[in-house]
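I opened this model to look at a ligand site, a chain interface and some charged pairs. My notes follow in the order of the look-ups.

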Amino acid sequence: MLGALLPGKTVAAAQKTYTIGTDVTFAPFEFANQDNKYVGIDLDLIKAIAKEEGFKVEIKPLGFNAAVQALEARQIDGVIAGMSITPERKQKFLMSDPYYKSGVVMAVAKKSSIKSLKDLRGKRVAIKTGTDSADYANSIKQKYGFSTVTFDDSNNMYQDVTTGNSAACFEDQPVMQYGINNGMALKIVGKPAREGAYGFATSKNNQALMNKFNIGLKKLRANGQYDKIIERYLGNGSAKSQKAAAGNSQTTDRSFIGLLKANWSTLMGGLRETMVLTIVAIFFATLVGILVGLLGVIPNKLCQGTATTFIYIFRGLPLMVLALFIYTGVPSLIGSKVPAFIAGIVTLTLNEGAYTAAFVKGGIQAVDPGQMEAARSLGLPFGKAMRKVILPQGIKIMIPSFINQFIITLKDTSILSIIGLLELTQTGKIIIARNMEGFKIWTMVALIYLIIITLLTWLSNWVQKKVKA
Amino acid sequence: MSQYRVEMKNVHKSFGDNDVVKGVNLNVANNEVVVMIGASGAGKSTVLRMINGLETVTSGEILIDGEDIAHKGTDINKVREKIGMVFQHFNLFPNMSVMGNITLAPTELGIASKDEAVKQAKEMLEVVGLTDKADAMPAQLSGGQQQRVAIARALAMHPDIMLFDEPTSALDPEMVGDVLGVMRRLAKQGMTMVIVTHEMGFAKEVADRVVFFDNGTILEQGKPKDIFEHPKEERTKNFLNKVLNA
Ligand SMILES: Nc1ncnc2c1ncn2[C@@H]1O[C@H](COP(=O)(O)OP(=O)(O)O)[C@@H](O)[C@H]1O
Ligand SMILES: [Mg+2]
């Protein structure tokens, strides 16, 4: 009798949701398909395991570095991102049983004469930050006498080699193969090195999730699901089947217009996120900027000191450092996660708010001090004098700065791609990760920014005319 | 009730290391017109601005109608309501019409309703002879007109005391007469006034007392006739020679 009244331990109600970080541009393990849905071996695998073991996953395509940092900060529960199992990583995280065997290969431009590591002497090599391939390249660069240049995602690294800026790049074998299958003008030379395996990572205190992963993986291997997933993306081994598998997620029309059509809704999705970020950030930055700016003109040492310090700190910090600090640094301090959108808005609010505060303060101070004296001599208190006499004049002085700041805010949202926000720039990166069309896609992204900024400028000029009249 | 409108007792003022006012004692009686003269930099403006608290004293005391303006319990805004001030550069609010300038303080401070304030503003504009300029913006007025609006703005608060800091120094010569005319009428009506000016003829005519400032102190004061015709101090003589023969 009592048992019926107690909450039943049903499977559905008890299903726990884990947040899993992945890379954004690591096809075929993870990449966004034409509908901007994340797919790939890693994602299919973790989802199948989740289903098998009765938990839920929320996928966060953060980029490899951001994902690893987020895991360190315990912003997320796990990372599955073609992550090689290494002793260092085992020290920091729990690493699962291997789920894919891979090795580091070297790739060069199709027409390159480079045949082996020996030919790299005096040359520059492109690597991707934080990867095992990068680690490998760094470990042998002394011996073979080459230098390295670092990129944040695979596509930029490939491009550096196809354009001839770098002589070669190092990449995990299946990933490299996928890129070449999809039209990257590169070729693999030499034999795979550092043959190793990919594993799933959790933080040290998350043994429960790790156990579920390992058990689930065993079951998938036993029941054939594992092989099906691999085949879906890499074929059954033959180059032909690889091409067919890759073709599932590709556009056939590779002209500018064709690509624009195929990626239109994805780009517009990115633009929407950029606009939402811009508008929300402008709102809060303006609010904070005006408040801090006003604080800075109150005749009181503490108020002015607070405003000056705020402006000094947040104008001084590079936006990217501030974003990473808030997203991956602050959580370890306060002991709870900061969602990327919130982190992005806080970042922009503090940075743009500091600039706004500086010109609000400057605009008020640019009003003839005789105005304040005249208002006060009539008996108006400070606040009333400020509101009725000084601010209306100061705001006129500030309007051009406000417009300028709005445009800067719009552009600065692109820096938030560093914390994985799917705004326009990040969207561009993701599309390129799939189709390797860097030039055309970046042109599209640049044009979209220019169009929006032009519209914003027109709107501002119109508003400015209205206010002046 | 104190017998003086303004009492300054051993007032000192320094800006940093710079001692600008060094022990000034000055009382202004009701209905009295005091004119302050002296070389540029002598400290006249600073003294005037301390009377309504635009500058704070470094030491000493200033009483308005017997009330210490530096005292914690004193509401400086209330004190300022009864002290009108007119500046050398007019300081009209450029974002408001003439009417807006005059009615702002009375309405904002709840002294008059909007309608009353407008009615009174029209009366004040009549006093200064600018009834037709109510809707003009300050930038559309000549300097002399602007200064008369500034006087009307101060008068709209019905002050007991009016302070003038070189009200005609920034004006073209042909505008000076109109402004002095308005001030002359105010003096005749018994307004208590403290005026800093270099218009010696005007001072001779309207002042009850002339105060000569030199280097942050009052060197000499007395009836206009005595100061202008029989100055006791050598420095006063020199100063008057310079201004009168300029
Ligand atoms: N806000 C200020 N800060 C520093 N020095 C000032 C300030 N106001 C006035 N002074 C100085 O005080 C002295 C007296 O100035 P002021 O009272 O304006 O003289 P006056 O009106 O007689 O020409 C001058 O040397 C001037 O430079
Ligand atoms: Mg002066």
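I took helices as DSSP runs of H or I with at least four residues, and strands as E runs of at least two, numbered from the N terminus. This is a predicted model, so I kept the cut-offs in view: local features need pLDDT of at least 70, side-chain atom pairs count only at pLDDT 80 or more, and totals for chains, interfaces and linings use all residues. Residues are numbered from 1 along each chain as its sequence is written, chains are lettered from A and ligands numbered from 1 in the order in which they are written, and side-chain values use heavy atoms, with hydrogens and water left out.

**Entry 1: ligand 1**

I asked which helix gives the most to the shell around ligand 1. Helix α1 (residues 44–51) of chain B does, with three residues. I listed the shell, counting a residue as near if one of its heavy atoms lies within 4 Å. Among its members are Phe15(B), Val20(B), Gly41(B), Lys44(B), Ser45(B) and Thr46(B). By class I found four nonpolar, five polar and one charged. Here Ala, Val, Leu, Ile, Met, Phe, Trp, Tyr, Cys and Pro count as nonpolar, Asp, Glu, Lys and Arg as charged, and the others, Gly among them, as polar.

Next I checked distances to oxygen atoms of ligand 1. A polar backbone atom of Gly41(B) is 2.6 Å from one. For a backbone N or O atom of Lys44(B) I read 2.9 Å. A side-chain N or O atom of Ser45(B) gave 2.7 Å. Taken alone, ligand 1 exposes 560 Å² (Shrake-Rupley, 1.4 Å probe). The protein buries 59% of that.

**Entry 2: chain B against chain A**

I counted contacts (heavy atoms within 4.5 Å). Here 22 residues of chain B meet 17 residues of chain A. The buried area, meaning accessible area (1.4 Å probe) lost on being put together and summed over both parts, is about 1700 Å². Carbon and sulfur atoms give 60% of it.

**Entry 3: salt bridges**

My rule was a side-chain nitrogen of Lys or Arg within 4 Å of a carboxyl oxygen of Asp or Glu. How many salt bridges lie between chain B and chain A? The count is two. I looked at Arg49(B) with Glu373(A), whose closest N and O atoms are 2.7 Å apart. Over all chains the count comes to 21. I also looked up Glu72(A) with Lys92(A), at 3.8 Å. That pair links helix α4 (residues 64–72) to helix α5 (residues 87–92) of chain A, 20 residues apart.

How values were computed: Buried area = accessible area lost by both parts, 1.4 Å probe. Polar contact = N/O pair within 3.5 Å; in protein donor to acceptor, adjacent residues only side chain to side chain.
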